[in-house]
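Here's a quick briefing to read with the model open beside you.

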Amino acid sequence: MMNTYLWWLQQIDLTAFQVILTAYLVVLAVWDWRSGKVPWYLTLPAMLTAGVWQVWQGHWEILGVWLVIFLLWVLRFYGGGDAKVLMFLFALFPTERLLYVLVAVALVVGLPLLWRKYRGQNLVLLTQRAAFRLASGDISPSDQEWSQARPYTWVLALAGIVCLWVYGI
């Protein structure tokens with residue numbers, strides 16, 4: 001009887017934690033959507049807490065993952081807020097599951113957005129431009145492209161929420 005009670009109590013605590021984390025990720029996404037920025041004071045404490053916890057648990061590989069995320073930020077693949085959200089999510093879900101969910105969510109929401117953006121344009125010309133950029137090594141966005149960037153934290157938050165509710169912590 002006591003074990004059943006403790007199990008239910010743990011489930012309630014886990015569900016409360018999932019609800020709080022979901023609300024936190026929604027706040028980050030909405031903040032980015034409205035302002036185009038994710039403030040450091042919302043991301044840095046969560047990122048550092050989750051990262052320190054993983055290192056404390058002996059999962060030093062999180063530092064390598066963070067290095068890759070940092071290098072992609074330096075190359076301007078995404079903004080600083082997005083980088084910290086990614087670091088937080090990878091510290092929270094230190095398995096490849098998050099990567100799979102991120103790719104799936106990015107494809108599900110990204111392909112229709114790309115289609116909407118580029119529909120009616122010459123596919124051959126778009127492919128040639130992309131091939132030229134790859135061949136020349138010019139993969140970082142230009143200043144003009146960077147200034148036209150869209151908020152992206154909502155995609156990361158959605159992937160985090162999917163991981164949270166499908167796989168748990």
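What follows goes from the whole chain down to one helix and its neighbours.

This is a predicted model, so local features need a pLDDT of at least 70 and side-chain atom pairs count only at pLDDT 80 or more, while totals for chains, interfaces and linings use all residues. Residues are numbered from 1 along each chain as its sequence is written, and side-chain values use heavy atoms, with hydrogens and water left out.

**The whole chain**

- The protein chain has 8 helices and 0 strands; helices (H or I, at least four residues) and strands (E, at least two) are DSSP runs, numbered from the N terminus.
- Reading along the sequence, you get the pattern α-α-α-α-α-α-α-α.
- The C-alpha trace spans about 70 × 30 × 30 Å along its principal axes.
- Of the 169 residues, 30% count as buried (buried means under 20% relative accessible area, exposed over 50%, partly exposed in between, with a 1.4 Å probe and protein chains only).
- Among contacts (heavy atoms within 4.5 Å) between residues at least 6 apart in sequence, 70% join residues at least 24 apart.

**The largest nonpolar core**

- In soluble globular proteins, nonpolar side chains tend to be buried together.
- A nonpolar core is a set of buried Ala, Val, Leu, Ile, Met, Phe, Trp, Tyr and Cys residues joined through side-chain atoms within 4.5 Å.
- The largest one here has 35 residues, and L25, F88 and L89 touch the most other members.
- At least two residues of this core come from each of α1 (2-35), α2, α3 (61-74), α4 (80-92), α5 (96-118) and α8 (153-166).
- The largest share, 9 residues, is supplied by α4.
- Setting aside neighbours within four places in sequence, L25 is in contact with F88, L89, A157, G160 and I161.

- T43 sits in helix α2, which covers residues 40-56.
- With a relative accessible area of 1%, T43 is buried.
- Not counting residues up to four places away in sequence, T43 touches Y24, L28, V38, G81, K84 and V85.
- V55 is in helix α2 too, and beyond its neighbours within four places in sequence, V55 is in contact with W60, I62 and L63.
- V55 and L71 are 16 residues apart in sequence and 20 Å apart in space, C-alpha to C-alpha.

**α2 against α4**

- The axes of α2 and α4 come within 8 Å and cross at roughly 30° (axes are lines fitted to C-alpha atoms, for helices over the stretch in contact, and angles run from 0 to 180 degrees between N-to-C directions).
- α2 and α4 are therefore roughly parallel to each other; angles under 35 degrees count as roughly parallel, over 145 as roughly antiparallel, 65 to 115 as roughly perpendicular and the rest as oblique.
- W40, T43, L44, A46, M47, A50, G51 and Q54 in α2 meet G81, K84, V85, M87, F88, A91 and L92 in α4.
- By class, this contact has 10 nonpolar, 4 polar and 1 charged residues (Ala, Val, Leu, Ile, Met, Phe, Trp, Tyr, Cys and Pro count as nonpolar, Asp, Glu, Lys and Arg as charged, and the others, Gly among them, as polar).

**α2 against α3**

- The axes of α2 and α3 come within 8 Å and cross at roughly 140°.
- That makes α2 oblique to α3.
- On the α2 side, M47, G51, Q54 and V55 meet I62, L63 and W66 of α3.
- The residues of this contact divide into 5 nonpolar, 2 polar and no charged.
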